[in-house]
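Q: Could you take a close look at one part of this model for me, the second chain, and then tell me how its partner meets it?

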Amino acid sequence: MRAFLEISKVSKYFPDPRGKGMQCIFKDIAFDIEPGTFVTVVGHSGCGKSTLLNIIAGLERPSDGGVILDGKEIDAPGLDRMVVFQNFALMPWLSVYDNVRLAVKAAHPQWGEDEIHAGVTKYIEMVGLTGAESKRPAMLSGGMRQRVGLARAFSVEPKVLLLDEPFAQIDALTRGTIQEELLNIWMRTKNTVFMVTHDVDEAILLSDKIMLMTRGPEAEIAEVVDISIPRPRARTTVIEHPHYYKIRNHIIHFLVERSGKGHA
Amino acid sequence: MNSSLTVRNEAFRIGMLSSIIFLLAMFFWQIASTPSVGGRTQGLPGPLAVAKVTWEMLSEPFYDRGPNDKGIGLQVLASLGRVAVGYGAASIVAIFAGVMLGLNPTLLKAANPYIQILKPISPLAWMPLFLYTIKDSTGAMILVIFMSTLWPTLANTAFGVSSIKRDYLQVASLLQLSWWRRFFRVILPAAAPTIVAGLRISIGSAWVAVVAAEMLVGGTGIGYFVWNEWNNLSLTRVIFAILVIGAVGLILDLGFTRLAKVVAYTE
């Protein structure tokens, strides 16, 4: 049986900035994601993990290899995948409501006004933004903006949700709250999620599997760590789990010592 | 409390300075309008004479006593009508072409030298060509206005669209927006502040161009009025018309300042 989301020997080369041929960002990345699982790639900045996410999104093309989602090769963006961006990427000229509405309407072109309104309201309520519908993103805090980003992404009901360091620009205190909210939403929707982050605690809290990516150039997935901590999870209970610090230390050791491939 | 006091103080000083500038202008105008000793020049019409004509002209703006004697309101409306047609058509063309160029960096670079050559040409330089080809003075005037307003809007639109943040376009393609929705929901609002800045420059050029074009080939319009009153040697009315041209230009500009506020957004 084929995997739900199959990343098959994907490589990416960029023109070398010094003008000497091509530079390999990562090479022969291969893994499968089962439906309904939350998989995270952890790696240093610049290892190409966001490029990998963009390839799955269809925003960039791989230099080699391919991505197969539900039996179909990905060669362009589509409504079966939706990205939550690190910098939120909300339309600043649209209200919270209209930002979500743009997505709901795109995902359901056959819906009438009433259905669209019900859909938008549902997802705004889901992320706890009821009452802020008419505000523009500039009037919101980072945490609230990313709630809009999450509402927009979930409202498309994608087969795969792609989270690109979604909470990196949110202050530390809010970050914990919104991570937990995402966890609760995900427990209900059970979307397939592919996330990239460099926040180890975030990865452990949210993921079923964590893939450790080495530093570029020629980055690769060195190891896959299964997170056996049972769900439902919460920030306070996760850190009390006997495996938590073992997993955490293992990943940190990897990032500090082994990810460099000799030239860190 | 403190800051509102400072603001009021500032507003007072601006008002004072404005009044001083006005009084100085009136003073020099009055000097310029005094006949020279010995009576070799008569001097310009003074402020009072112009105020009197202004009152007369504005109290009956829409009279029509034949081709060379129409109220100022009719003349201004004739000019504004030409501007509306030429400016409207040029804006639509410029915005669509600008979006195409802005989304296509290669095409923009290829077209840029030609835009740069065409941009500094005075729109009036095209007048003989237009008169020769379409043989209609009204059409030629409208085309001159078209040429005067095309380039600022085109250049601003192309620049505004080419500097739209990549994120917005990525979201548009992730959501698989149709060309139409992408254009009206993402590209236009994202570039709107820059486009409106271009439209504002363009309406200024259009208003400048229409006066000059009407002086050359008009038969109606505020520019024709100026030329006609010069031929009648009525400098009082010429000065009055200059003030009207300024006032209408100011109102047009204020409209676009309003529009700029509507389309502005903060990231």
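Predicted model: local features only at pLDDT ≥ 70, side-chain atom pairs only at ≥ 80, totals over all residues.

A: The C-alpha atoms of chain B fill a box of roughly 80 × 65 × 35 Å along the principal axes. A compact globule of 267 residues would have a radius of gyration near 18 Å, whereas chain B has 23 Å. Of the 267 residues in chain B, 33% are buried. Among the contacts in chain B with a separation of 6 or more, 67% join residues 24 or more positions apart.

Now to the partner. The contact draws 17 residues from chain A and 15 residues from chain B. On the side of chain A that touches chain B, the elements giving two or more residues are β6 (81-84) and α2 (96-107) of chain A. Of these, α2(A) gives the most, with three residues. By class, that side of chain A has 15 nonpolar residues, two polar and no charged.

Chain A also holds a helix pair that is worth a look. The axes of α3 (residues 113-126) and α4 (residues 142-155) of chain A come within 9 Å and cross at roughly 135°, which makes α3(A) oblique to α4(A). Their crossing is right-handed. From α3(A), A:Gly119, A:Tyr123, A:Ile124 and A:Met126 meet A:Ala151, A:Phe154 and A:Ser155 of α4(A). This contact of α3(A) with α4(A) has five nonpolar residues, two polar and no charged.

Technical notes:
Residues numbered from 1 in each chain as written. Chains lettered and ligands numbered in written order. Axes fitted to C-alpha atoms, helices over the stretch in contact; angles between N-to-C directions. Helix = DSSP H or I, 4+ residues; strand = E, 2+ residues; numbered from the N terminus. Parallel < 35°, antiparallel > 145°, perpendicular 65-115°, else oblique. Left-handed = near helix turned anticlockwise from the far one by under 90°. Contact = placed C-beta atoms within 7 Å. Nonpolar A, V, L, I, M, F, W, Y, C, P; charged D, E, K, R; others polar. Rg over C-alpha atoms; globule rule 2.2 N^0.38 Å. Buried ≥ 20, exposed ≤ 12 C-beta atoms within 10 Å, placed from the backbone.
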